[in-house]
Amino acid sequence: MLVLEKNAMTEEIELLVKKYGKSRSSLIPILQDVQRKYKYIPDFAQQEIARLLDIHPVEVFSVISFYSFLNTTPKGKYIVRLCQTISCDMQGKALVAKAIERELGIKFGETTKDNKFTLEFANCVGMCDQGPAMIINERVYTHLTPEKAVQILNELK
Amino acid sequence: MGTEEIMESKGDLRAPISQVPHTIEKPKDTSAIGGMVTVEINEKKLSVPLGTTILEACKLAGISIPTLCHHEDLCVAGVCRICVVEVEGMRTLQASCAFPITAPIKIRTSTPMVRKARKHVLELLLSEHYGECYSCFRNGKCELQSLAKEYGIDQYTFGHVNEPKYEIDNSSYSVIRDMSKCVLCKRCVRTCIDLQEVGVLEAIDRGDKTHIGTFLEKPLADVICINCGQCINRCPTAALRANDPSDEIWAAIDDPTKHVVIQTAPSPRAAIGEEFGLGAGHSMTRELNTALRRIGFDKVFDTNFTADLTIIEEGTELILRLYKALVLKEQVALPQFTSCSPGWVKFIEHYYPEYLDNLSTAKSPQQMFGALIKTFYAEKAGIDPANIVSVAVMPCSAKKFECNRPEMRDSGYKDVDYGLTTRELAKMIKEAGINLPEMPKSNFDSPFGEASGAGLIFGATGGVMEAAIRTVVEFVLGKKTEDIFENANIIPLRGFEGIKYMEIPIGDKVGPVPKLIQTLVPNWDWLKGATLKVAVAHGTANAKKIMDDIKAGGKFSECHFIEFMACPGGCLGGGGQPIPTTPEIRKLRAQAIYSEDESLEIRKSHENPHVVKIYEEFLTEGPCSHLSHKLLHTHYVKRGRYIA
Amino acid sequence: MENKKRKGPVLFSKYTPGEGVKKALSLSREDILFELRDSKLKGRGGAGFPTATKWTIVAAAIAEQKYVICNADEGEPGTFKDRVLLLEYPELVFEGMVIAGYTIGATKGIVYLRGEYEYMLKSLEDYLESMRKNNLLGKNILGKENFDFDITIRLGSGAYVCGEETALIESLEGNRGEARNRPPYPVNTGYMGMPTVVNNVETLASIPHIVTKGGEWYRKHGTDKSSGSKLFSVSGDCERPGVYELPWGTKISELLKLVGAKNTKAVQVGGASGVCIPKSQFDRTLAYEDVATGGSIMIFNESRNMIHILKNFMEFFVEESCGQCTPCRIGNVKLLEGVEMIEKGEYKFSYINQLKELGRTMQVASKCGLGQSSPNAFISILENFKEEIFNGNGGNHGK
């Protein structure tokens, strides 16, 4: 990272620490904000957060690795999370999954080359009565069919 | 996003650590009502203070409960589930290491459910543990092995792994990580983050993918590991071990062209008996000399000699700094920090690089010896230093890193070739078929024959300070140390309290000063009426407290001299010492060291005739002079805290 | 999205926003605790702990700060009732928190909203803002001097295990979501070491009703040991999936009829950590004393393969286990391996029995509820559907 970028990032994190308070209980809100903006939490950011909260970088790394929605490697602009738990599974998630994979040209767990989409499976997202369901960033889509899912992705492209 | 609330924080801002105990504090006065609780364990009644854990209560009752993740030095984890017991009225089994007793309960430690649970837990651990016991360095000393034996595991009910799952990380000079053997007891995590405040290891990922890793999964050499090896001492299996050079040392011993010399430090000598079945606290100094010669070492030297030298050099340095500060009114880095603990040196290089000037430039005794052996000794003995292989037996895993530091080549060669730990030396002795306790006693070799007791006590926390004070008192006050401290034992500096502080008023009378340092400064009157303030810290968590206090301008910023040891207990608790380590064992090792010190005739560094001789013969310009700076002093590296 | 629901007589009964708090503030703390005790309300998250007991302990505790935490980390497969409550009845949930704060002496409330529900964050924040405008939150609420209370919403980040109350608290404190050793319990040592009440969304939503209509009214519904009504989230093979409010004591067969389930082979009550009820037991009642549940009802018809379902559950647990304690971390992997063996048809009965024993050990030796209940599905499906799974009668092997 360039020095200028690093300084900018340090400033951002200092603002976040000011906003949430300098204590360990601010860690996850800070990480969520960084994740929302950059789609991941850069190495340097992790160390700065650790320094400003007076904890160790490995502790920040450990917390990030624990939660599914936080990651240390960049993900795509749209993170597509398709529910794989039994109710959605029974209502046709497998076909929807195949359709999405075909459409984007990647498998679940991967990111498209243009960094637009990341495909992931998620566990029960609480839409069991209207499955198959998927969450893309903060929006939830229900009653999916292969056609409908592909249409949604195309609109986002 | 709505009202942004400032998040809560607990007390001081230091973050709660991963396994912070949420148990109940015991009442200060157990005779008050409710202070003691009567419990029934296996139908035997017992009265214990409120808040005692079931494990502690069972210990009092003489009932043994198996444990794996529990460790006396560390906070409670309760993750292995081996110590589970039945508590009447509760459906689930309870972890005895974590359950505080607050009411009269009935406990059963050996019911069918409990026995089945223990067996299952062990079988589950074995199903993921890449156990190659025959070729493992913990064969015979592994806690998982002992538990499996104790609970009669005779089959791999849930399968077994035949291939290691993780690659071994042997990037570091000191610590090797083999995660295929890890049982996720989290002792290393609690040690590194909680006990040492270094923070290298933590659990990464979730569920069955959980493993212990470093920041960004980097190799150990690339993260801020200070090599203190405390994690090795507490690991129950061989997931963590030290980097063992004994094969290379054997090769050197077997090579007739090589002159292999070894220096032994006081802490290994106090603890090596534990590796041969003796309890803790039996010093094996003289027996070890014989054993080492029989293995094939050409010369056996006493590191305490250079410990004495360190006191002279560092004491002189302190006097010079004080002179500059108090008389010349120059800007000088005070307080002065000791620099003989390589773990501590790396700690300050990473976390407080702006205070590197406070570190004494004197090398550690090991490295001073390395330089002297390949110059002074080589010359005297008429041996080509290129053929000398210099080995150091240390309680320390960080010494392996230290001897490989690029600047440690002042003799023209690598000053110390190998750092060998107590455990590794015990292994070599056994390989040679020698039973150490049976060895006859013999002395060290000349020219570095005898050392004083002051050099010896370096091994215990407070020892360096005590050795320094014994000398400083005589240098500066002109009185005998025994006149101020009974028997020259400076008791306030002893013991295992995290941070110790002491003030020594100097008074009106100063001198006469020994010949060795007479020409150091024009006069000594400036010390009249001053008070020398010193402090001692062991364990890097306490070092951090003192450093943060100094940064904030607190009490310790007014100290003149501070001793820092990276390992809890001082060197006697070092990362290369016999496993296991407990507060009790460290106490016994300290006792062995202090009693060996009392048994010696010479107890102050400046009274050691060999030390005086080396200044007359070799380091003729005196302590802290140009020559001694070249060989016996070093410089440090600002490493900083950024890893990526 | 649509939120189909069937309104029952308790939770979805008539309620005016604000009336709960107003009534509560006119009562004393002891009065409210009395009504709560009278109602015999039990926790609606699945564990079923008597709410009055929890609140009483915290109310009696002396501490400089206490907390009310709303557990909105609804992660149990098949559960979506809290989603409906939060989207359509936030007044019940939040006023429940205010009343809780008043009763136990807390000034701060935290809603732990699961990360997957981030889409409702704005509407919830907006509602809280409107509550502040109406003096239902903030300082001197509704004019009651010295009663301050405010609510913050904290998002989760995709971990089912954070639904466990101590893991939730750990997550709020900025740690990995790893459950704590209990005792001590959150009522003594909770968030930041302070006395904390952690309640499920539905539990809190019941509070305003109990306070306005009385505990006695509440316990008229349901059974003797399971008072009140329950929200059931029904999904799977049925014509009318959705949220149903039914009184405790309803028979499973009644529920199946209500939701239009045909050819039902099995009903998974309580989500992946619940039990699988076979046809022969459909006349069992849904109640704490018989088949308890946090509300998840998943219906499987004759065409479904029970092993496939079990595999789905075990894969869920393997991924969602926090990984700290041995029985859950490795035990779930072994159970999943066992299911895969059965799926392939390569197993020994003796080993499957060993796994069942392991499951029983996990149920008592695991550190938290996740490990303690993950073997439930394993044991109940293998027991109740022996014929299909092992003797090949019906179901599709290897699919």
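Where chain B meets chain A in this predicted model, the contact draws on 33 residues of chain B and 29 residues of chain A. The size of an interface is often given as the accessible area lost when the parts come together. For chain B and chain A the buried area is about 2700 Å², and carbon and sulfur atoms account for 58% of it.

Specific pairings also cross this interface. One salt bridge is found between chain B and chain A. It joins B:Lys544 to A:Asp54, with 3.6 Å between the closest N and O atoms. On the side of chain B that touches chain A, the element giving the most is strand 7 (residues 202-204), which supplies three residues. The residues on that side of chain B comprise 18 nonpolar, 11 charged and four polar.

C:Ser229 lies in strand 6 of that chain, a strand covering residues 229-236. Is C:Ser229 buried or exposed? Its relative accessible area is 2%, and buried means under 20%, so C:Ser229 counts as buried.

The surroundings of C:Ser229 can be listed. Beyond its neighbours within four places in sequence, C:Ser229 is in contact with C:Val10, C:Leu11, C:Arg44, C:Glu202, C:Tyr218, C:Glu245, C:Leu246, C:Pro247 and C:Trp248. With C:Glu245, the contact includes a polar one between the two side chains, at 2.6 Å.

Notes:
Residues numbered from 1 in each chain as written. Chains lettered and ligands numbered in written order. Predicted model: local features only at pLDDT ≥ 70, side-chain atom pairs only at ≥ 80, totals over all residues. Heavy atoms only, no water. Helix = DSSP H or I, 4+ residues; strand = E, 2+ residues; numbered from the N terminus. Buried < 20%, exposed > 50% of the residue type's maximum accessible area, 1.4 Å probe, protein only. Polar contact = N/O pair within 3.5 Å; in protein donor to acceptor, adjacent residues only side chain to side chain. Contact = heavy atoms within 4.5 Å. Buried area = accessible area lost by both parts, 1.4 Å probe. Salt bridge = Lys/Arg side-chain N within 4 Å of Asp/Glu carboxyl O. Nonpolar A, V, L, I, M, F, W, Y, C, P; charged D, E, K, R; others polar.
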